[in-house]
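Trainee: Could you take me through one part of this model slowly? I'd like a close look, in plain words.

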Amino acid sequence: MLNFLAQLDYLRDVQRTFGSGADRLDMIGVFSKILSIVVPLVLAMALWYYRRIIGFYILRFFARLFAPRSRRIVENYLVTKGVMLDVYVYSSSGVGKNIGQARVSEVVGGKMILQLVNVAPTALKFHHTRVVCYTKPFTYSGRKINAFVTFITHVVKRGSVIKEMSLATPIRYKFVIRRKHSRQRVAREGTVRVKAWDVRKRKTFWMGRPDLQTINNPARYGNKMRLSVENISAGGMRILVIHPSGKLPPLKEGAQLVLRVSIWNPKTKKFAYFNVIGAIRSRFKGKGGAIGLGIQFTAEGENVGGKYVWKSLSGEMKALSQFLEKISG
């Protein structure tokens with residue numbers, strides 16, 4: 001009986017304690033303690049995650065403060081001359097995926113509004129992505145400029161297709177050497193043979209005659225149109241269209257060609273061939289009215305079930321790099 005009364009008294013004490021609910025001041029104290037820990041932690045994580053872009057805007061503020069005129073002149077040049085930009089993803093490991101080509105249509109409020117020219121479909125999200133932009137070299141105040149690093153500030157996509165894009169104006173404009181590979185000069189015509197098709201024929205190129213090609217015996221070819229290879233590397237090549245005539249595929253900067261490149265292997269006495277898509281990065285005049293083209297390899301073709309699948313390249317063709325090292329060693 002005494003045990004029962006003791007339990008009953010205990011239950012009454014518990015009921016009195018919580019009868020009016022929890023103390024409001026205690027709940028506010030608990031929440032304030034949680035917030036005092038969580039808010040600084042979240043803020044620190046956000047600052048760490050966005051450290052690159054925050055540092056970029058701080059440095060750009062001082063750059064615009066001390067050299068506004070020179071930056072404005074360069075940006076006006078990019079707009080008025082319609083300078084083509086090759087836009088690549090840029091990270092701590094170096095230059096990555098090619099996003100595409102564009103021109104700067106307007107610079108306003110610290111942003112470069114881009115006119116997209118040739119952009120590859122992609123599933124990646126590019127907002128606040130760090131990029132490097134390459135241009136054809138030009139000179140300002142006695143110094144060469146051909147590149148700048150910045151961030152994407154705005155992008156609009158429909159599915160996998162980029163429709164709009166803008167960049168933050170960079171901290172500075174600089175000159176960098178773009179070529180990563182030393183090109184091997186082709187001493188004898190015929191050791192590297194090339195067949196070229198318009199990129200629109202990439203699905204059926206092997207079924208038809210090439211639009212342009214090298215030949216076995218140039219001396220007997222007279223004034224007929226042909227290709228000639230000046231040099232080649234794992235990342236690209238330099239070719240000449242000799243005696244250009246008739247209907248040619250697009251050969252302006254930014255245009256693409258499907259290329260079947262055959263290289264003579266003196267050790268096996270056979271040709272090894274590679275299928276690539278090459279983008280024209282530069283165009284110049286050669287001797288005798290020839291058209292010179294600097295080509296960068298952007299995709300490698302692989303025959304799968306009688307059809308060619310094109311895989312994007314970032315920097316070089318590994319199979320071609322290994323082959324060139326093997327025959328030059």
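In which helix is leucine 47 found?

Mentor: Leucine 47 is found in helix H2. Before going on, a word on the ground rules: this is a predicted model, where local features need pLDDT of at least 70, side-chain atom pairs count only at pLDDT 80 or more, and totals for chains, interfaces and linings use all residues. Residues are numbered from 1 along each chain as its sequence is written, and side-chain values use heavy atoms, with hydrogens and water left out. Helices (H or I, at least four residues) and strands (E, at least two) are DSSP runs, numbered from the N terminus.

Now, back to your leucine. Leucine 47 has 45% relative accessibility, so it counts as partly exposed (buried is under 20% relative accessible area, exposed over 50%, partly exposed in between, with a 1.4 Å probe and protein chains only). Helix H2 (24-49) and H3 are the elements that give two or more residues to the patch, and H3 gives the most, with six.

Stay around there and look at tryptophan 48: the charged end of arginine 51 sits over its ring, 4.0 Å from the centre. That label needs NZ of Lys or CZ of Arg within 6 Å of the ring centre and within 35 degrees of the ring normal.

H3 has another side to its story. A search of the whole structure finds 13 aromatic pairs. In one of them, the rings of phenylalanine 56 and phenylalanine 151 have centres 5.1 Å apart and planes at 65°, so the pair is edge-to-face. Phenylalanine 56 lies in helix H3 (residues 51-66) and phenylalanine 151 in strand S5 (residues 143-158), so this pair ties together parts 95 residues apart in sequence. Both phenylalanine 56 and phenylalanine 151 are buried. For the cut-offs, rings of Phe, Tyr and Trp (its six-membered ring) pair if their centres lie within 6.5 Å; planes under 30 degrees apart are stacked, over 60 edge-to-face, and the rest tilted.
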